[in-house]
Amino acid sequence: MVDKSENPPPHVKTPNFTAMNSGPAKVVFLTYFYPPCSLTAANRVSGWVKHLNREEVEPVVITRNWEQPIGRERDVALPSGTTVEIKMENGAEVHTVPFKPLWRDRLITGPQYFFVAPLRRLLSMMERWLGRWIPSLNPSHQVGEYALDYLRQHPEVRLLVVSGNPFQLYYYGWRAQRELGVSWVADYRDDWSTNLLVPIQGWFARWMRNLDRRTEQRWVGSAAAICSVSEEYVERISTLTGRPGFTVMNGFNAILKAETPPHNKEFTLLYSGSLYWAQPLESFLQAWQEAVAAFPEVPWKLVFLGLSYSPSQVERVKQALPREMWSRVEFSPRIPVEQALERTRQADVLLMLTYRQQGIPSSKLFDYLAAGRPVLAYPNDKDIIERIVLQTRIGSIADNEITLKNQL
């Protein structure tokens, strides 16, 4: 795993598991996402578990069942598993809890009558509003309650690490500390009420953000520490919650198959994973069209790996391009991680769209590092992505559309 800790800020404190116990410390990792789930969120805790020093840590993972393959967004809401399964994986004891969808999730996967969409939105609002006081309204409720039962039966557990989101899982860290005296760490893959990427529009959104902020301060205020993927995130979250923090960046598996040179018939640019509204997709596509027009003899190809998972983002790409350009664009479904890595290794250039905000490293950048192909980042975040690209010499950065067109 890649851990950026050369120059930690003053509030950074690294856990010392050896000092906590004379033998391996039993540590419980509570996470909603974990393999075989193919979503990116499953990689963080699974990477930690794989690379932990077994002489220091005896890991136990508690997660939900993911035996149902994830091909579309709605597949996350399908029922999965019937009984709790306990097995050893990568030297860790993994407990998978069955997932039984609540009413909102059943509406997602059921027949889509005209009244379903507004009813689903209403239930989502109720879940987000009332779920902090009525935990059974949250999809993560079953996993969290199982974790508390496990901790009651195993007083030898020295630490609980709760990885969010869903951030409702932090409720169970709060209860573990309050009811059982278990120390816990709140791991943030993304930030919660300090998130700057989600636009706050309307009175309800502002009210909910303030409510989330108070809930986050209460729950995470009981944690021994917080950790997140960048110093910017750690600083914001620590300031809000009053808890010390440390940075554990995302990483990648350095043991990969030998790289083979690309053998594409087209000049292939590849973007891997999800697109977000905060990313400047339309600006990139404008520069790409101009580059295609300037060099029509080049067989250009733009691949969005796994984007078929999100129909709204596929439509966004199409809306930003004239119809005659659609034949140059490929939208692929979600595929197993080994196949996805092979596709990235076979691309000519890997595209990294930043978020117009600092402190967001993006997990896909680490997949790109593993692939060993040239990376083109746009625009310049003048922060963590710029630093990684320049330090690793894996590619280049375009500050604006003109520079981007010239680099293409």
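Trainee: What are the ground rules?

Mentor: This is a predicted model, where local features need pLDDT of at least 70, side-chain atom pairs count only at pLDDT 80 or more, and totals for chains, interfaces and linings use all residues. Residues are numbered from 1 along each chain as its sequence is written, and side-chain values use heavy atoms, with hydrogens and water left out.

Trainee: Why is E5 called largely enclosed?

Mentor: Buried means under 20% relative accessible area, exposed over 50%, partly exposed in between (1.4 Å probe, protein chains only). In strand E5 (residues 159-164), 6 of the 6 residues are buried, so the rest of the structure largely encloses E5. Strands (E, at least two residues) and helices (H or I, at least four) are DSSP runs, numbered from the N terminus.

Trainee: Which residues of E5 cover each face?

Mentor: Leu159, Val161 and Ser163 lie on one side, and Leu160, Val162 and Gly164 on the other; all are buried. In a regular strand the side chains alternate between the two faces of the sheet.

Trainee: What makes E1 and E5 a pair?

Mentor: Two strands pair if DSSP finds at least two bridges between them. Strand E1 (residues 25-31) and E5 have 5 bridges, in the parallel sense. Thr31 stands opposite Ser163 in E5. E5 is also joined to strand E6 (residues 184-188) by 5 bridges, again parallel. There, Gly164 stands opposite Tyr188.

Trainee: What makes a crossover right-handed?

Mentor: Point the strands away from you; the path from the first strand over the helix to the second must run clockwise. E5, H6 and E6 make a right-handed β-α-β unit.

Trainee: How do H6 and H7 pack?

Mentor: Helix H6 (residues 170-180) and helix H7 (residues 203-220) pack at about 35°, with axes 8 Å apart. Axes are lines fitted to C-alpha atoms, for helices over the stretch in contact, and angles run from 0 to 180 degrees between N-to-C directions. Contact means heavy atoms within 4.5 Å. Tyr170, Tyr171, Trp174 and Arg178 of H6 meet Arg218, Trp219 and Val220 of H7.
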